[in-house]
Amino acid sequence: MASAYDREDGTAPPSHGGGAADAYDPNYVPDSVKTFVVHLYRHIRDKNVYEIHQMYEGGFQRLSERLFRDTPWPSAEAVAPYCDGDHVFLLLYRELWYRHAYARLSPLTASHRSESWNNYCDLFSVVLHGVVNMQLPNQWLWDMVDEFVYQFQSFCQYRAKLKNKTDDELQQLKQFDKAWNVYGVLNYLQALVEKSMIAQILEREKEGLEQFTATDGYDYEGGSNVLKVLGYYSMIGLLRIHCLLGDYHTALKCLAPINLNQQGVYTIVIGSHISTIYHFGFANLMMRRYVDATREFNKILLYILKYKQYHQKSPQYDQILKKNEQMYALLAICLSLCPQNKLIDENVSTQLKEKYNDKMTKMQRFDDEAYSAYDELFSYACPKFITPSPPVLDQPLTNYNQDAYRLQLKLFLYEVKQQQLLSGIRSYLKLYSAITISKLAQYMEMDEATLRSILLTYKHKMHAVDSNGKIVSSADFDFYINEDIIHVVESKPTKRHGDYFLRQILKFEETIAELEKVQLD
């Protein structure tokens, strides 16, 4: 089943066709679906993770393409006889049912959205308060959390487009006003984090007392991985939601238990890996932690560059490529505001220049054209922000689904505007090891008092508070003033011999692979 991590615009894709939906009978269960349900139920009872994964990723996708391209799957009540009416299995089945409906059917009513919300509430309540004796693939558990966040975002976008709503739709919004409440969504994800004790598990893992990452989150002693892995992925879900709300400090705080400098369960599923780094990088960009954002964007872009060919047949491939393009745009913004070329791999740098060299040249100028380039790249690459509060339905009906985006864009461009003259300061100071304030003021055609103010602004804007509360510099060089003389201290880039050898090994492997394809007579 394709992940929905990139479907952030709050709209479902259009239906694949018309007519068939009119003949849809929710109680009709084709033989192939009966077989699918029987086998999936048996594998879940047997904790056969490999077979569950094959049916989830392969079987469900193939049946959806073949039988349900523009109609829903049979209702949970219709398939209940083929799984002994098992309550937990039917909750999982409904989760797939609504996910398929979101991906394939348009438009979805407030009633459908509310029913999906209720199913998630029931499912998570069982996980939190019941006894769940099963193991599910990491891909399914990630998709579950990811879809939960997506449907919340989708509902906020749907609810905010009031202008062309019919009276019936408005009545449904009033009727289902409790569905997808922001506090409820946050509370479920936070409850999964706390009940799973995942932060404590990851902490104990550092001391060698746990094997969570080494076992990919699975329990090989007959237990269940569901609560622990859902708790783990819920931290990433909270990161994403707080980014959508514009609360970047809380977003990064939610992710703190996961060490991004090491392999983790988040890297096992490609959708999880990309979503984590994308939102982590974006939050750091908005908090002026340009070094952290640049470093992580570079790592994930290099990873995608090396391994994307292995995902070409994946239903997520198009989404991977789109997020890849968005992260290159965010990296271009980071490097334009705070040059950090020593952190960028040569291959990533080459790709970046091919895509955004012209725009990055414009952004260095900080004129109106540069301002426009920042606007364009931010608008293309940012998350689709949401307003979580419900609308007032008795006022003149307007669309306010773009309000949150406009606010974040305004704040970002205000930050860019504040840094307009810093590019000029940077280019002059990099030419000198020492220069008097009066001489630099003369070059920049301003008085000394204004220049001192700009130098202080540069110091402020090129420093940020890291996750440990320490003030760290983001600049690629530093300076200090002594008796009206500016002394420049430029950091020397560290030679990274390991990266060079890795690139050469990769080239040799590609050459060998090509040679092995050559047919010898």
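A: We may begin with Ser336, which is found in helix H14 (residues 317-337); helices (H or I, at least four residues) and strands (E, at least two) are DSSP runs, numbered from the N terminus. This is a predicted model, in which local features need pLDDT of at least 70 and side-chain atom pairs count only at pLDDT 80 or more, while totals for chains, interfaces and linings use all residues. Residues are numbered from 1 along each chain as its sequence is written, and side-chain values use heavy atoms, with hydrogens and water left out.

Q: Is Ser336 buried or exposed?

A: Buried means under 20% relative accessible area, exposed over 50%, and partly exposed in between (1.4 Å probe, protein chains only). Ser336 has a relative accessible area of 1%, and therefore counts as buried.

Q: Which backbone oxygen lies 2.8 Å from a polar atom of the side chain of Ser336?

A: A polar contact is a pair of N or O atoms within 3.5 Å; within protein, one must be able to donate a hydrogen and the other to accept it, and residues adjacent in sequence count only if both atoms are side-chain atoms. In this case the backbone oxygen belongs to Ala332.

Q: With which residues is Ser336 in contact, leaving aside its neighbours within four places in sequence?

A: Contact means heavy atoms within 4.5 Å. With those neighbours set aside, Ser336 touches Met360, Met363, Gln364, Tyr374 and Arg426.

Q: What can be said in the same way of Asn225?

A: Asn225 lies in the loop between H9 and H10, and is buried because its relative accessible area is 0%. Beyond its neighbours within four places in sequence, Asn225 is in contact with Met134, Gln135, Leu136, Asn138, Leu141, Gly217, Tyr218 and Asp219. The C-alpha atoms of Asn225 and Cys334 are separated by 38 Å, the two residues being 109 apart along the chain.

Q: Which residues touch the most other members of the largest nonpolar core?

A: A nonpolar core is a set of buried Ala, Val, Leu, Ile, Met, Phe, Trp, Tyr and Cys residues joined through side-chain atoms within 4.5 Å. The largest one here has 161 residues, and those touching the most other members are Leu136, Trp140, Met144, Trp180, Tyr232 and Tyr233. Helix H6 (residues 138-160) contributes the largest share of this core, with 13 residues.

Q: How many salt bridges does a search of the whole structure find?

A: A salt bridge is a side-chain nitrogen of Lys or Arg within 4 Å of a carboxyl oxygen of Asp or Glu. The search finds 17. One of the pairs is Asp31 with Lys34, at 3.6 Å from N to O. Both residues lie in helix H1 (residues 31-46), three residues apart, which is about one turn of the helix. Asp31 is exposed at a relative accessible area of 57%, whereas Lys34, at 26%, counts as partly exposed.

Q: Where are the two residues of the pair Arg452 and Asp484?

A: Arg452 and Asp484 form a salt bridge whose closest N and O atoms are 2.3 Å apart. The pair links distant parts of the chain, 32 residues apart: Arg452 is in helix H20 (residues 448-461), and Asp484 is in the loop between strand S4 (477-482) and strand S5 (485-490). Arg452 is partly exposed at 33%, and Asp484 is partly exposed at 40%. Glu65, Arg69 and Arg104 are also linked, in a network of salt bridges.

Q: Which residues form a nonpolar patch on the surface?

A: Patches are made of residues with over 30% relative accessible area and no salt bridge: like charges are joined within 9 Å, and nonpolar side chains (Val, Leu, Ile, Met, Phe, Trp, Tyr) within 5 Å. Accessible areas come from the Shrake-Rupley method with a 1.4 Å probe, and for residues only the protein chains shown count as cover. Here Phe501, Leu502 and Ile505 form such a patch, with about 310 Å² of accessible area together. Leu502 is in helix H21 (residues 497-517), and is partly exposed with a relative accessible area of 49%.
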